[in-house]
Amino acid sequence: MESNKEWILNQTVSTTMDSLSTALKSNIVPNKEYLLQGSVLDGSVETLLHRLRGLCDNVDTGPESFYDMEMCFSLRGNSNPMFLRVRRAMEYPMSQEMPYQLRYIGEPELGTGDKSRPTIVRSSIDVAVTPSILEYLTELGARLEFEYAARGYMFRKGRMKITVSKIFKISNQGQNKPHEEPITPSYLVEMSVLAPSGQDAIGEDMKAFAEQLKPLVLLDKIDYKRLPQSVMS
């Protein structure tokens, strides 16, 4: 017989999944993420940033820098596990505290015509939350799967967002300040658009813009199922 905590967890996961399903079917919120990904070696990143400064909207002000920490939690009820990401900004001007971001990301869609789509398409819902979200998820029995830090720059081109970020592995190693170690000698480059369902023409605009970044970086669809298990873990 399951305990009260297990019963609450199962009910919460079930209710959350039902709520997410309803939100996704409503088609009135930007619940789809159109995504292209690539990478650029450390030695070539400045050239790519220079190209983006010339192509994107924020030419005069320059790109927006960011330094974020992201944690991925899993909730395992009676059904398949649900993964939730918690992101927070580590640095912000004038020491103003920014809200945490709770994010749900679905699996890439594999429906009819997916192979001809120029981008990955997946469900995505973001909400601002208070720092107590970590305690709340822990009380629900959520398990921390992994965490990482990302430092980089964000550009805008119309409704497209382009980020160039260095990904760091985090380890405390008994120190007061977490130790960060670069995972690879390269930067992750992502181009994304959040939009309601049924706007697949967005992908064509993204692909056209990605062509202008060649040969500095190849932005393409990533088939995660073909990656080695060591990369995914």
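## Cores, strands and salt bridges in a predicted model

In the largest nonpolar core, which has 24 residues, Leu52 and Ile162 touch the most other members. A nonpolar core here is a set of buried Ala, Val, Leu, Ile, Met, Phe, Trp, Tyr and Cys residues joined through side-chain atoms within 4.5 Å. Buried means under 20% relative accessible area, exposed means over 50%, and partly exposed lies in between (1.4 Å probe, protein chains only). Strand 1, helix 2, strand 7, strand 9 (186-195) and helix 4 are the elements that give two or more residues to this core. A second, separate core has 14 residues, among them Met82, Leu84, Tyr104 and Val129. In soluble globular proteins, nonpolar side chains tend to be buried together.

The structure is a predicted model, in which local features need pLDDT of at least 70 and side-chain atom pairs count only at pLDDT 80 or more, while totals for chains, interfaces and linings use all residues. Residues are numbered from 1 along each chain as its sequence is written, and side-chain values use heavy atoms, with hydrogens and water left out.

### The chain as a whole

The protein chain has five helices and nine strands. These are DSSP runs numbered from the N terminus, with helices (H or I) of at least four residues and strands (E) of at least two. Along the sequence their order is α-β-α-β-β-β-β-α-β-β-β-β-α-α.

The protein chain has 233 residues, and 35% of them count as buried. Its accessible surface is about 14,300 Å², with 52% belonging to carbon and sulfur atoms. Accessible areas come from the Shrake-Rupley method with a 1.4 Å probe, and for residues only the protein chains shown count as cover. A contact means heavy atoms within 4.5 Å. Among contacts between residues at least 6 apart in sequence, 66% join residues at least 24 apart.

Two strands pair if DSSP finds at least two bridges between them. Strand 1 and strand 9 run antiparallel and are joined by ten bridges; leucine 41 stands opposite serine 186 in strand 9. The pairing of strand 7 with strand 9 is also antiparallel, and five bridges make it up.

Serine 165 belongs to strand 7 and stands opposite leucine 188 in strand 9. Its relative accessible area is 4%, so serine 165 is buried. Apart from neighbours within four places in sequence, serine 165 is in contact with Phe66, Ala150, Arg151, Gly152, Tyr187 and Leu188.

Not counting residues up to four places away in sequence, isoleucine 162 touches Leu52, Cys56, Tyr153, Met154, Phe155, Lys157, Val189, Glu190, Met191 and Phe209.

### Salt bridges

A salt bridge is a side-chain nitrogen of Lys or Arg within 4 Å of a carboxyl oxygen of Asp or Glu. By this rule there are eleven salt bridges. Three of them are listed here.

| Salt bridge | Closest N to O distance |
|---|---|
| Glutamate 33 and arginine 122 | 2.7 Å |
| Lysine 207 and aspartate 220 | 3.5 Å |

Lysine 207 is in helix 4 (residues 201-211) and aspartate 220 in the loop between helix 4 and helix 5 (229-232), 13 residues apart. Lysine 207 is partly exposed at 25% relative accessibility, and aspartate 220 is partly exposed at 31%.

Glutamate 33 and arginine 122 form a salt bridge that links distant parts of the chain: glutamate 33 is in strand 1 (residues 32-41) and arginine 122 in strand 5 (residues 120-129), 89 residues apart. Glutamate 33 is buried with a relative accessible area of 5%, and arginine 122 is buried with 11%. Shared partners join Glu33, Arg103, Arg122 and Asp126 into one network of salt bridges.

Lysine 166 is buried at 7% relative accessibility, whereas aspartate 42 is partly exposed at 33%.

### A cis peptide bond

Most peptide bonds are trans. The bond from lysine 214 to proline 215 is cis, with omega near 0 degrees. Proline 215 is in the loop between helix 4 and helix 5.
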